[in-house]
Amino acid sequence: TTDADAAAAAAVAASASSTAETNQCTFRKTSDPTRASLMCARSLLTLINSQEIPETGGRGGDTDANTSVEQQLENDVIRVVWNGCVKKSKEDKASGIKPSKALGRRSLLLAYPHVMERIKHGRSAGGDASLL
């Protein structure tokens with residue numbers, strides 16, 4: 001399986017465990033399960049690529065005891081570059097760079113918890129609940 005398949009399965013599992021019916025990743029346009037799963041994966045990828053990574057309170061005395069200084073610096077660099085890609089994509093979709101494609105798996109590990117939080121709260125890329 002690919003990372004997109006695993007991410008789509010995780011989104012469906014997280015949505016299924018949610019009590020709100022609107023958080024499920026279902027599509028009523030098709031009865032074909034393969035097409036429905038591809039539509040779900042596409043919606044999840046759209047959500048991932050529109051998610052900005054918020055700044056953590058990692059400066060000063062708020063650093064996590066389990067996070068090294070090098071790891072914190074790497075996370076900060078990933079956050080800045082990821083958010084720059086998201087902002088560029090919002091400004092110009094044709095020339096924007098998708099952060100998930102440009103930055104790879106390690107950056108997705110940093111962004112994915114924020115994506116899951118959006119899914120749990122029922123917020124999609126543009127406020128459109130049909131993506132969730």
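Visitor: Which residues of helix 5 are buried?
Guide: First the idea: buried means under 20% relative accessible area, exposed over 50%, and partly exposed in between, using a 1.4 Å probe and protein chains only. In helix 5 the buried ones are Ser107, Ala111, Val115, Met116, Arg118 and Ile119. An α-helix has 3.6 residues a turn, so residues three or four places apart point the same way.

Visitor: Before we go on, what kind of model is this?
Guide: It's a predicted model, where local features need pLDDT of at least 70, side-chain atom pairs count only at pLDDT 80 or more, and totals for chains, interfaces and linings use all residues. Residues are numbered from 1 along each chain as its sequence is written, and side-chain values use heavy atoms, with hydrogens and water left out.

Visitor: How many helices and strands does the protein chain have?
Guide: Helices (H or I, at least four residues) and strands (E, at least two) are DSSP runs, numbered from the N terminus. The protein chain has five helices and zero strands, so to speak of its order, the elements read α-α-α-α-α from the N terminus on. Of its 132 residues, 32% count as buried.

Visitor: Back to helix 5: where is its kink?
Guide: A bend at a residue is the angle between two fitted axes, one for the seven residues ending there and one for the seven starting there. Here a kink of about 40° lies at Ala111, shortly before the proline Pro113. Ala111 is also one of the helix's buried residues.

Visitor: What span should helix 5 have?
Guide: The expected span is 1.5 Å times one less than the number of residues. For the 17 residues of helix 5 that gives 24 Å, and its end C-alpha atoms are 24 Å apart, which agrees. After the helix comes Gly122, with a positive phi near 75°.

Visitor: How many salt bridges are there in the whole structure?
Guide: A salt bridge is a side-chain nitrogen of Lys or Arg within 4 Å of a carboxyl oxygen of Asp or Glu. A search of the whole structure turns up two. In one of them, the side chains of Glu74 and Arg106 meet at 3.0 Å, N to O. Glu74 lies in helix 3 and Arg106 in helix 5 (residues 105–121), so the pair ties together parts 32 residues apart in sequence. Glu74 is partly exposed at 28% relative accessibility, while Arg106 is exposed at 52%.

Visitor: And which side chain does Lys90 meet in a salt bridge?
Guide: That would be Glu52, at 3.5 Å, N to O. This pair links distant parts of the chain, 38 residues apart: Lys90 is in helix 3, and Glu52 is in the loop between helix 2 (33–50) and helix 3. Lys90 counts as exposed at 54% relative accessibility, and Glu52 as partly exposed at 29%.

Visitor: Where does Gly96 lie?
Guide: Gly96 is in the loop between helix 3 (69–91) and helix 4 (99–103). Contact means heavy atoms within 4.5 Å. Setting aside neighbours within four places in sequence, Gly96 is in contact with Lys88 and Ser89. Its C-alpha atom is separated by 9.8 Å from that of Gly84, 12 residues away along the chain.

Visitor: What share of the contacts joins residues 24 or more positions apart?
Guide: Among contacts in the protein chain with a separation of 6 or more, such residues account for 65%.
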